[in-house]
Amino acid sequence: MDPNDAMRPNYALEEFHKERQQLIGEGLTEEQAIRSLTALWNVNNNAERVRWAARQERLEEARQQAKEDATQRLRNLRDEEEAARLEDRKKNKNKYAPLKHTKIPTDPTILLAQYAIRRLKTGDYCELHYFTNKGLDDAMASTLVAEPDALVMLPATDGIHSWVPAAAVKDPKAAPVTKDEHLTWEEFNEAAPRIVTFMKMHDWPDDRVNMHIQFWMAIQAHRWRHSPDLLQQKALLLYQSQQ
């Protein structure tokens, strides 16, 4: 109990008669006995207050220390968790790579022959055949060969099937390539937009890309393009192949 809340008793009351009589027996008057008992209570209460204050101070210090210890443990735990997260991000970068909010692709994937890709990267001439539907089909077929040392059966020109090394099939140059001047207009229309797309993908300069676009647009707009004379139409394809 907090001694600061204690009520000093009235030693003049009948209930303290015995205590007063003990002091009166030692030669004090009743009034002196009351004052002595009151003074003794005050001394004891003051001492209790001092001890209470000291005890409360120690308790408050202990509570404060416990609070600081808990705060420090929580801070250390957070630091350890943050260090673990940083280490995890460093080791598993793909796990934390930002997601790209892109639309689901609806266009078919165009798989180009490796030979054509190399030519585009170096900026060298590449036959339009590789960008036609036929050329793309050849490129797709070459990727289906799983083992480079395997043999595959292919039909020959005489209709007889024969076994040929898979490596030859995988090499785009081993497949028949239609020269530009021998393309049909349909094949030319398949190839031209695709090669422009791949030029841009392989960082061709804009002026070079635009030059090809303008040239092929001019070919398409030429009056011979829709001429009833097939020789004139073929002459345009021959002309564009020689540029």
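Contact means heavy atoms within 4.5 Å. This is a predicted model, in which local features need pLDDT of at least 70, side-chain atom pairs count only at pLDDT 80 or more, and totals for chains, interfaces and linings use all residues. Residues are numbered from 1 along each chain as its sequence is written, and side-chain values use heavy atoms, with hydrogens and water left out.

**View 1. The protein chain has nine helices and two strands.** Helices (H or I, at least four residues) and strands (E, at least two) are DSSP runs, numbered from the N terminus. The order along the sequence is α-α-α-α-α-β-β-α-α-α-α. Among contacts between residues at least 6 apart in sequence, 54% join residues at least 24 apart. Of the 243 residues, 23% count as buried (under 20% relative accessible area; exposed is over 50%, partly exposed in between; 1.4 Å probe, protein chains only).

**View 2. The largest nonpolar core has 27 residues.** Such a core is a set of buried Ala, Val, Leu, Ile, Met, Phe, Trp, Tyr and Cys residues joined through side-chain atoms within 4.5 Å. Leu112, Leu120, Phe131, Ile195 and Trp216 have the most contacts inside it. α4 (114-122), α5 (133-143), α7, α8 and α9 (230-241) each supply at least two residues. The largest share, eight residues, comes from α7. Another core, of seven residues, lies apart; Phe16, Ala33, Ile34 and Trp41 are among them.

**View 3. Leu112 and its contacts.** Neighbours within four places in sequence are left aside. Leu112 then touches Ile117, Leu120, Tyr130, Phe131, Leu136, Ala139 and Phe198.

**View 4. Asp203 sits in the loop between α7 (185-201) and α8 (206-221).** Its phi is near 60 degrees, a positive value in a residue other than glycine. Asp203 counts as exposed because its relative accessibility is 68%.
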